[in-house]
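Student: Could we go through the aromatic rings together? I would like to know what stands behind each label.

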Amino acid sequence: KGVLMEKKKKKKNVAIPEEDESLKPILETCDKSGPMVYESISAGQEVIAGPIIFTYDVLWRASNVKWASRWDIYLSMDNAVPDKVHWFSIINSLLIVIFLSIMVAMILIRNLHRDIVRYNKVLSDEEKAEDREDSGWKLVHADVFRPPFAPMMFSVFIGTGIQILLCSTLCIIFAALGFLSPANRGSLATAVLVLFAAMGSFAGYTSAYLYKTFRGRYWQQCTLYTALLYPAICFCTFLTFNFVLHLHQSTGAVPFYALLSLLILWFIVSVPLVFFGAYFGFRKDPMACPVITSNIPREIPYPQPWYLAPAFTIVVGGILPFGACFVELFFILSSMWMDQFYYVFGFTFLVFLILCVTCAEITMVLLYFQLCAEDYRWWWRTFLTSGSTALYVFLYSAFYFSKLESNMPVTYALYFGYNGIISIGLFLLTGTVGYFSGLWFNITIFSSIKVD
């Protein structure tokens, strides 16, 4: 047990016979009394043809550091990143959550309560004679649960998002509890792959159940897309980059048996679990909606206010969730591309929770304004509103890339390719959080009114 105190390299151009060890020359330029330092070299060394001998000196001394704490010096990075920086990120995120929570509370307690009281009020004879016409989100009660455009693809996205959400949550929890230590290289990547495959049953169940709610009939095709779409994008991208790394003779290239193990994990474990979950999901009764959907769609009033345009709400919806996590995102990118250790998974878990809460709250706020404008097309809108957080994450990664020193095209391909895969996964994750928050919001408010 000890600490490496000094390590120096020295060079000398001397030929070494390969067969007889006794014929190896003595390195006269090396000082045997102690470790060699640069100041001890008094004269220049003659450079002649021949192989170069690399040597180094090691001085070991007894240390009082316990075995369990041997990684502390590397994890602390010599206190280069103090904890107060992470706490600043948490406080910044909490302020955003508090701001959104106040807005949601004002909508739920003030506006919604007023709307529900007005909608459920028993009209007097004078009010009936005036033939008062309702306005607002109650008018779309017969269309709000109408199936969306491209219901199969929507179900596939939600199912895959649930798979990524559960996988990410469990990985962060295990890492925060110390099961995935940086000392065990590759443990985090292995845990991500195994948990993603194990969560396939939840993906299949969610996509099949939602697709049946939309009165879909091709559940086998929906399940197949859930099992293959996102994993195929990841695997094909990884396979292409791995082939490029082999061409450049890089040590980062993955061997063939590792690729084979990934295929086995995918087709032998993940795909059957997706179909297993889809079998039970499609057998379950469809989702019970609090209101009845009419046969004829209601016409949406035009023109809509400019601030409720789909493009505007989708772009704006991802700003606050990104602002809640961008500080911690810097440290995550540094650990991925700058060879720095990342071990503060407790902070990561808090930021992850704040990110999910922020996505849910901003989605409900924008959904309320959309329904008040009598626009009932909320399925894809809620998914894309919170999912746009991934767009800002990808743009921030592009900004971070400008700080890296790269002069090879393959570096650009690897960086943006892998960050693109991560951004797609984050898009599905945050979009799923937005969808479920919007679904809960609609069920809650439309269950509170009386419909003739």
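**Aromatic pairs and their labels**

Tutor: Gladly! Ring pairs join Phe154, Phe157, Phe214, Trp378, Trp379, Trp380, Phe383, Phe427, Tyr435 and Phe436 into a cluster. The model is predicted, so local features need pLDDT of at least 70, side-chain atom pairs count only at pLDDT 80 or more, and totals for chains, interfaces and linings use all residues. Residues are numbered from 1 along each chain as its sequence is written, and side-chain values use heavy atoms, leaving out hydrogens and water.

Student: What makes two rings a pair, and how many aromatic pairs are there?

Tutor: Rings of Phe, Tyr and Trp (its six-membered ring) pair if their centres lie within 6.5 Å; planes under 30 degrees apart are stacked, over 60 edge-to-face and the rest tilted. That rule gives 39 aromatic pairs. Phe214 and Trp379 are 5.0 Å apart centre to centre, with 90 degrees between the planes, so the pair is edge-to-face.

Student: Why does Phe241 count as buried?

Tutor: Buried means under 20% relative accessible area, exposed over 50%, partly exposed in between (1.4 Å probe, protein chains only). Phe241 has 11%, so Phe241 is buried, whereas Tyr418 has 23% and is therefore partly exposed.
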